[in-house]
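Hi,

Here is the structure I promised to hand over. Please open it and keep it in view while you read my notes.

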Amino acid sequence: MSTARATSRRKPPQKVIQANCQALPRYSSRMYLQLAPDGISLLKFLLEAEDNLAYQSTVSPHTAVVKLVFAPGREREVREFLETAHHQLTFREVVTFRGE
């Protein structure tokens, strides 16, 4: 008596597309700002209005230090935005870490 052998259908190997990893940044750029506590929400609103140029995270609500995270190639645009926002907000740059 012969038994039917189960045939397994194997999928053909898929092509693997390799991206040029050297062109992609490994880390985002970060900028820390200190501003008045009532300016935290206004800065977040202005960033969202700029098509999410950077995202904001509050590091310390008591000292009003916020962290802006953005793509490494967008630092010039972030600085231009901050020059414009300086008319509505008072802040100072604490430190900036450039992504790579």
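One definition to start: contact means heavy atoms within 4.5 Å. Keep in mind that this is a predicted model.

Start with helix 2, residues 75-85. Which of its residues are buried? They are Glu 75, Val 78, Phe 81, Leu 82 and Ala 85. Look down the axis of helix 2. The buried residues fall within an arc of 120°, so they line one face of the helix. An α-helix has 3.6 residues a turn, so residues three or four places apart point the same way.

What covers those buried residues of helix 2? The cover includes strand 1 (29-35), helix 1 (40-49), strand 3 (65-70) and strand 4 (91-97). Now turn to the face of helix 2 that points away from its buried side. That face carries the exposed residues Arg 76, Glu 83 and Thr 84.

Next, strand 4. Phe 97 is found there. Its relative accessible area is 39%, so Phe 97 is partly exposed.

Phi of Asp 51 is positive, near 55°, in a residue other than glycine. Asn 52 is not a glycine either, and its phi is positive at about 55°.

Best wishes

Terms used. Residues numbered from 1 in each chain as written. Predicted model: local features only at pLDDT ≥ 70, side-chain atom pairs only at ≥ 80, totals over all residues. Heavy atoms only, no water. Buried < 20%, exposed > 50% of the residue type's maximum accessible area, 1.4 Å probe, protein only. Helix = DSSP H or I, 4+ residues; strand = E, 2+ residues; numbered from the N terminus. Arc of directions from axis to C-beta.
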